[in-house]
Amino acid sequence: MTAVGSGVREIRIHQEGQYRVIYAAKIDDAVHVLHAFHKKTQRTRMQDIDIAKRRLSKI
């Protein structure tokens, strides 16, 4: 997820719909979940990307 920031990754879950978990790994030897959401369209909403960016900036 380079749209969010360097080192940010995404887990995709395809079960009864589409779910995403955006996380940042290896910051202070921890995994930080930035945002998790139910994805309803093919494109990730800018609102979801902005939430993850704001939370990443607070780490």
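The model is predicted. Three strands form an open sheet in the order β1-β2-β3, with antiparallel pairing. Helix α1, residues 46-57, lies across β1, β2 and β3.

**The sheet**
- Strands of a sheet pair through backbone hydrogen bonds, either parallel or antiparallel. Here the pairing is antiparallel.
- The edge strands are β1 (8-14) and β3 (30-39). Each of these pairs on one side only.
- From one strand to the next, the twist averages 20°.
- Strand β2 covers residues 18-27. Seven bridges join β1 to β2, and these two strands run antiparallel.
- Isoleucine 11 stands opposite valine 21, a residue of β2.

**The helix across the sheet**
- Helix α1 runs at about 165° to β3.
- The length of α1 agrees with expectation, because twelve residues at 1.5 Å a residue should span 16 Å and the end C-alpha atoms are 16 Å apart.

- Asp48, Ile49, Ile51, Ala52 and Leu56 are the buried residues named in α1. They cover an arc of only 160° around the axis, which means they sit on the same side of α1.
- An α-helix has 3.6 residues a turn, so residues three or four places apart point the same way.
- The buried residues of α1 pack against β1, β2 and β3.
- Met46, Arg54 and Ser57 are exposed, on the other side of α1.

Terms used:
Residues are numbered from 1 along each chain as its sequence is written. This is a predicted model: local features need pLDDT of at least 70, side-chain atom pairs count only at pLDDT 80 or more; totals for chains, interfaces and linings use all residues. Side-chain values use heavy atoms; hydrogens and water are left out. Two strands pair if DSSP finds at least two bridges between them. Helices (H or I, at least four residues) and strands (E, at least two) are DSSP runs, numbered from the N terminus. Axes are lines fitted to C-alpha atoms, for helices over the stretch in contact, and angles run from 0 to 180 degrees between N-to-C directions. Contact means heavy atoms within 4.5 Å. The expected span of a helix is 1.5 Å times one less than its number of residues. Buried means under 20% relative accessible area, exposed over 50%, partly exposed in between (1.4 Å probe, protein chains only). The arc is that of the directions from the helix axis to the C-beta atoms.
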